[in-house]
Amino acid sequence: MTVHKVCGTETEYGISVRNQRESNPAIASGLVVNSYAGTHARVQWSFEEESPGRDARGFGVGGVVVEDFDSALVNVVLSNGARLYVDHAHPEYSTPECFDPLEAALHDKAGELVMARAGAAAGTLLPAGQRMGLYKNNSDGKGNSYGTHENYLLARELPFADVIRYLTAFLVTRQIFTGSGKVGSENGRPNIPFQLTQRADFFEERVGLETTLKRPIINTRDEPHGDPSKYRRLHVIIGDANLSETQTFVKLGTASLFLAALEDGALPDPVALADPVAAVWQVSHDLDFRLPLSLEDGGSATSLELQWQYLEWLTKYAEQVAPDPVYDRVLALWASILADLETDPTRLADRLDWAAKLQILEGFRNRDGLEWDDSKLRALDLQYHDVDPERGLYYRLAGRGSMQRLFTDEEIELAVAEPPERTRAYFRGRCVSRFSESLVAANWDSLVFEVGEDTLKRVPMMEPLRGTKERVDTVLEEVADAAELVRALGGSHGRTGSEEGPAEGNGS
C-alpha cells in the first residue's frame, strides 16, 4: 500500500515594523513578498482545484473556500518550485515537493534565506528609522499563534480513522524533540517560566478541520493537490518552526517513517491517550520528561517512554524494508536525541532549538540576576528566531559552530535557486526560470500559460513523482518558448506530467 513519502513544509513568518505607528501586518507582508528579487514568476494563484473545506472523515464543504482572497494577489512562484505569498497577514514560504525528509529540511532552510533577503529588500523601502523584522517562530506573545505545517503524501486506501488512532499520541509526545522553546504560557494555560514548544498552548481539539481556531491535533483537511482517487495529503499543523537543521530533519523523517509503517500495516496496536488535548500542553510544560500521561487503557507512560517505544517499532520496520541511508540517519539521530533527553538534556543545545534557547536564557538569568518574567528574556526569545543573520541568535550559534549543521551554506544557496530533481517541483521550477513571462497562473498540481492563442493553456501535474529532471529535461531543452512546450506536452503526456498527481504539498 505504501506510497513514497513526498513531503514538504509551509511556514508563516512573524513580522513587525519597528518604530512604525499602527503597523498593518498584511501590508508589511505584501511589501516583503513583492520585494523578493530572486528568480520568480508573479502569478495568480489558482484556487480552481483547491478544496480546503473538504473533510477527510467524509463530510464538510466541498469546492473552493478562499479564506483570504488578497493572498492570491500577492503571490510568487520561485525558480526552486516553492511558493512565497501572503497568508493571514503573514509572509509564508511553502517549500517545493521534496523526495525525502533530508531534501525537505534543506528546502525549509532555503526558505529562511529567501525570507531574509525579501525582508532586507523591503526594509530599504521603509522611511528612515523604521526596520522590518521577520521571525521564524509561532507566537507573538500577545495571544496570537501562526503556523508551521508539514505535508506528507499518503495512499488514499489508508483509512483516515487509522491515521487518527495511531498518529495522535505520536504527535503529542514528539514535542520533546520538535519544540523551539518559549518563555511563559498563553491561551489560559497554567503559568510557567519556560516550555518546550511555541504552539502547544493553542491546541483545543483532538480532530478537526480548522487551522486557525480550535486547532486540532489531527487536521482533517482533505485536499490532496493531486489525483484524489490515489492520494491523500496529510496536513500536520501541530509542530514548531525550527531553525535547527537536525531538528527539522528528524521531525520530518520520523513522521514520514511512521506513516510508511502505518500504510504497510507494520505497527502494533496503537497507544491511546486518555486526554490527548490536555497532554499536548502538559508535555510542552514538562521540562523533566517525567510526567506520566494517562492512557485510555488505564495505564500511564511518559512522553519519553512512548517515543522510545515508537523508535523500537520503526527500527524494526526499517530493518524489514529495503535499506535507505536517509532513514537510517533519521533513526540514529532520533536515538541519540532520546538518549540525551534521558540522561542530560543540556547536551542537546547543539541540536534542538528549545535546548539552545534555554541555555542562552539561563546564561543571561545567571549573569544579570533576571527573573523569568523580565522583558529582556522575552526579547531574547524573539531574537533567537530573527532571520536576519546579523541579528538572529540562532545564526550566531551556528556561525561559531555551536549548532550541528546538515548542510553547507553553498547547498542552501543552491536550493534557493534550484528545484528538487526527483519530484514534479522540477518541472514547475524550470518553467519559472525559462517561461516566467508566459506563466499566468499556478497551483500545486497545474501551471497555466498564455501562448498567444484564444484560450489559456493549462498543464496538469497530478503525480508528484513525475515532472522530474529525468522525465522532462529533454523536452525542456528542445523547446524555445512556452508555446512549443505546450505543443510538445500535448503529444507526450507521460513524459512530463499532463497526468501528474498529488504534491505533497503546501497550501496552508
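Predicted model: local features only at pLDDT ≥ 70, side-chain atom pairs only at ≥ 80, totals over all residues.
1. Basis. Local features require pLDDT of at least 70 and side-chain atom pairs pLDDT 80 or more, while totals for chains, interfaces and linings use all residues. Numbering runs from 1 along each chain as its sequence is written, and side-chain values rest on heavy atoms, without hydrogens or water.

2. Largest pocket. Its space is about 750 Å³ (a pocket is an open set of points on a 1 Å grid over the protein atoms alone where a 1.4 Å probe fits, with protein on both sides within 12 Å along at least five of seven lines; lining residues have an atom within 4 Å of a point; a volume is the space filled by probe spheres set on points joined across faces, edges and corners). Of 29 lining residues, Ser139, Asp140, Gly141, Lys142 and Tyr146 lie nearest the centre. Strand β2 (14-18) is among the elements that supply at least two lining residues, and its five are the largest share.

3. Second largest pocket. This one has a volume of about 340 Å³. Its 15 lining residues include Leu113, Pro389, Tyr395, Asp409 and Ile412, the closest to its centre. Helices α3 (101-123), α12 (393-399) and α13 (409-417) each supply at least two of the lining residues.

Note on methods:
Helix = DSSP H or I, 4+ residues; strand = E, 2+ residues; numbered from the N terminus.
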